[in-house]
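Start with the overall numbers, then move to the aromatic rings. Keep the model open alongside the text.

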Amino acid sequence: MPRRRHILSCLLTLALAAGGVLAGTAPASAVGCQGSVCDGASPVTMGCDADARLLDEVDTTGLSVRFYHSPTCDASWAYVTATPDVEQNPPAADIYYLPQLGGSEAYFTAGYVNSTDVAKATPMVGGNAQAKGCAEDDGPGADPAPEVWQQKGDHGLCTAWH
């Protein structure tokens, strides 16, 4: 009987060890940044797109701007999609934000959406900064509806501020 108990004990120990090894090999859902550390970073590279929540979307013929937020990363970004015939007037994919400590409206750009790259995610803005996603025909930084008095661009499509 003691020998049987010893064998059962060994088998139980092996089973628990194997379970620990298997549990240890499960992929971790770690993210690469959080809050303001995410400023200017890629949502895909940092893993923030894993729990992305769509907060806003605006569409027009051939153009879409979606605004996402990751609760885990505490960061937001925009995703601009255009039809392949966008070459005539390629829009810039930008995210505008109001700095948390005050100051003028600022932005990050993903560059132009074009016929070979019809969808782009902007860099992220982290923390509690107010932000909006835009696609501008007048180029990066030409916010068609800025929070300041000076109009920078004439044509574009933006989400609401979040």
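**From fold to rings**

Of the 162 residues of the protein, 34% count as buried. Buried means under 20% relative accessible area, exposed over 50%, and partly exposed in between, with a 1.4 Å probe and protein chains only. This is a predicted model: local features need pLDDT of at least 70, side-chain atom pairs count only at pLDDT 80 or more, and totals for chains, interfaces and linings use all residues. Residues are numbered from 1 along each chain as its sequence is written, and side-chain values use heavy atoms, with hydrogens and water left out.

How confident is the predictor? The protein averages a pLDDT of 80, and 75% of the residues score at least 70. pLDDT is the predictor's confidence in each residue, from 0 to 100. Over residues 4–8 it stays under 50. A contact means heavy atoms within 4.5 Å.

Now the fold. Helices (H or I, at least four residues) and strands (E, at least two) are DSSP runs, numbered from the N terminus. The order from the N terminus is α-β-β-β-β-β-β-β-β-β. Among contacts with a separation of 6 or more, 56% join residues 24 or more positions apart. The accessible surface comes to about 9300 Å², and carbon and sulfur atoms hold 56% of it. That area comes from the Shrake-Rupley method with a 1.4 Å probe; for residues, only the protein chains shown count as cover.

Next, the rings. The structure holds three aromatic pairs. Rings of Phe, Tyr and Trp (its six-membered ring) pair if their centres lie within 6.5 Å; planes under 30 degrees apart count as stacked, over 60 as edge-to-face and the rest as tilted. One of the pairs is Tyr 68 with Trp 77, stacked at 6.0 Å centre to centre and 20° between the planes. Both Tyr 68 and Trp 77 are buried.

Another pair is Tyr 96 with Tyr 107, tilted at 5.6 Å and 35°. Tyr 96 lies in strand 4 (residues 92–98) and Tyr 107 in strand 5 (residues 106–112), so the pair ties together parts that are eleven residues apart in sequence. Tyr 96 is buried, at 0% relative accessible area. Tyr 107 is partly exposed, at 36%.

Lys 132 lies over its face, 5.9 Å from the ring centre. A charge sits over a ring if NZ of Lys or CZ of Arg is within 6 Å of the ring centre and within 35 degrees of the ring normal.
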